[in-house]
Amino acid sequence: MALISLPHGIGEALGDQLVTIAPLLVNLTEDQGVWWVHHTGSDTYAGLDRYKPFATLANAVSVASTGDIIVLLDGHTETLTSVLSISGLNVVGAGRASGKPTVKLTNNQAAGRMLLVTGSEMTQLLNVWIEEQAVDCTAAKLQIGAVDAPHYSHCRIRGCYIECGAHDLATAIHLSGDAKIGYAGFVEIRDTTIISTATSREAQPLCAVYCDGTGVGPHLLITDGLTVDGGTVGWSNYHAIDFDGAWGHVWMEGVSLPHGSDIHMGYTWGHLNVQPSDGGGRIDWDEALL
Amino acid sequence: MAIINWPHGIGEATGDKLATCSPLEMQLTAGVIYVHHTGSDLYEGTDRTAPVATLGQANLLTGVGDMIVMLSGHTEKIAAAVDLEGKILIGAGTSGGFPTVQLTNDQAAGSMLTVSSTYPSQILNVRLKEEAQDNSEPKIRVPVTAGAFDSYLRIRGCYIECGAHDLGPGLLLGGGEGDSGFVEIRETTFISTATSIAALPLCAIVCDSTTTLLGLIMDGVVFDNGPYGWYDALNTTRYALDLSARPIDRLHLERLTFSHGADANLGSHNAGYVNVYPSYGGGRIDWV
């Protein structure tokens, strides 16, 4: 183990509280710990100095160890061309402007997930703007639980802004409920917006959050301050959030459903509080069997 | 099972946001049971104007996912452990920054609240007073048995006092045959209310030697030594927060406050991060 003291924290003025709070003590299995990324940097740098950051998140992920913090510096932009497994890492964007993250990631794959969370180590994705797909893509932007060995995967998402456009043929966030390929275990989403940015009814994104229903479903989904916005033309799936037959628990507080986004709660147990909003959003909840 | 819609929520003006937000929709086993000491255990408890009198009775009437609402000002002495088993225990009402619902444990060798099942449970906006008599057990214990996924417990907005009779910790992580899952603690204070150096409470939170916790999340948690602090039989440093006994896969500890010199041992095998707010007193953190 290696104990790192950051008396002034990560040192950012804006962004997720993980990069603005101070002091910060970090205890890690390896001695590097905090990696820096900005597209003006270089992947030939060591990435351990904020003034000599890596150029790509992909490179940072390739060298980081479980539990490490990867700081995407203010204004970083990146187009991903292969699936990036961020399991066990803390990926945090610095900077905010007009209430949104300034770090932007875009997926440019036809059938590849952008970010993948597997394994049982806790993962965090904080204060990142994920833009609509660059090309037609049949895979989720973020999938939680997806390996060929049944176990639970855990993820916290906070302060993100996720756009889904005409090329988003799959859901933005996929919570795996398949006993054969691994479950989403504990998933927490806070202060995050998922919005349809489509401009035509003929080319809508699929949905914001989807849980497949072949097995147990996510064990526990906690949301607080989740906004799912139908934008101008909404989603192609009837429900923007769709627990399709899954079992599990949900504690959803402070959900906003502007512009008619709908929720299908499936057979989940728990509670849901929806804030007043414009549009005719509806909630469908299937009565679970004992 | 039942799906119930509350257009105006639970309907409380103050207290945890789950009691004040609206509208609210829930899928439950039985429903919402109201508790106040001026009520009667002969009531069904489903009507806030006819609450049951005791938490124990409310627990008997509820199942997985159900909500037990302790109405503002409810006070009760607990004489037998209440196993939450996937329930939401919520206190209504706050005054002066403290929850107005007050529970006191009155057992010589028993916990007040336990989480024994794999179903996620919550304890929200409750003031747990110091023990009424010498008690070697923790106030809150999670879990007491193992499960396929392990337990999840969220504590939010609580105020937990530990005094001269608290020979066990305020919260014990582990302590059974199996592992804990995740524990999340938000906007909660653990305070030593001892009035003599000769009779100190054990500590605020301790991690049992049988535990392998997957994750401990804290945000806005205060550890306050009060005038005399803690005893902590595990360590001579007398930690308020002692996670040294066993590994925790991941610590996400943000905006912690250690007042009046409260100390923490985060355990040499525990990975993660901690942020401590400036405070008075000489609190220290040991993490090697």
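**Group meeting: strands, salt bridges and the A/B interface**

Okay, let's start with the sheet in chain A: eight strands make an open sheet, in the order β6-β11-β14-β17-β20-β22-β24-β26, and the pairing is parallel. At its edges sit β6 (84-85) and β26 (283-284) of chain A, each pairing on one side only. Strands and helices here are DSSP runs, numbered from the N terminus, with at least two residues (E) for a strand and at least four (H or I) for a helix. Two strands pair if DSSP finds at least two bridges between them.

Before I go on, this is a predicted model, where local features need pLDDT of at least 70 and side-chain atom pairs count only at pLDDT 80 or more, while totals for chains, interfaces and linings use all residues. Residues are numbered from 1 along each chain as its sequence is written, chains are lettered from A and ligands numbered from 1 in the order in which they are written, and side-chain values use heavy atoms, leaving out hydrogens and water.

Strand β22 (residues 241-243) of chain A runs parallel to strand β24 (residues 263-264) of chain A, and two bridges join them. There, A:Ile241 stands opposite A:Ile263.

Another parallel pair in chain A is strand β13 (residues 129-130) with β16, again over two bridges. In that pair, A:Ile130 stands opposite A:Ile162. Now, in a regular strand the side chains alternate between the two faces of the sheet. So what happens on the two faces of β16 (residues 161-164) of chain A? Both are covered: A:Tyr161 and A:Glu163 on one side, A:Ile162 and A:Cys164 on the other, are all buried. By buried I mean under 20% relative accessible area; exposed is over 50%, and partly exposed is in between (1.4 Å probe, protein chains only).

Next, charges. Side chains of opposite charge can pair when their charged atoms come close. The cut-off for a salt bridge is a side-chain nitrogen of Lys or Arg within 4 Å of a carboxyl oxygen of Asp or Glu. How many does a search of the whole structure find? The search gives 27 salt bridges over all chains.

One of them joins A:Lys104 and A:Glu131, at 4.0 Å, N to O. A:Lys104 is in strand β10 (residues 104-107) and A:Glu131 in the loop between β13 and β14 (142-144) of chain A, so the pair ties together parts 27 residues apart in sequence. A:Lys104 is partly exposed, at 26% relative accessible area, and A:Glu131 is partly exposed too, at 24%.

Then there's A:Asp168 with A:Lys141, at 2.9 Å, N to O.

Which brings me to the interface. Here 50 residues of chain A are in contact with 49 of chain B, where contact means heavy atoms within 4.5 Å. The buried area is about 4100 Å², with carbon and sulfur atoms giving 58%; that's the accessible area (1.4 Å probe) the two parts lose on being put together, summed over both. Between the chains we count seven salt bridges. Of the elements on chain A's side, β25 gives the largest share, six residues.

One cross-chain strand pair: β2 of chain A and strand β26 (residues 272-276) of chain B, antiparallel over three bridges. A:Asn27 stands opposite B:Gly272 there.

Last stop, B:Arg154, in strand β15 (residues 151-156) of chain B. Its side chain meets that of A:Glu253 in a salt bridge, 3.4 Å, N to O. B:Arg154 is buried, at 1% relative accessible area. Leaving aside neighbours within four places in sequence, B:Arg154 is in contact with residues from both chains, among them A:Arg190, A:Trp251, B:Ile123 and B:Glu184.
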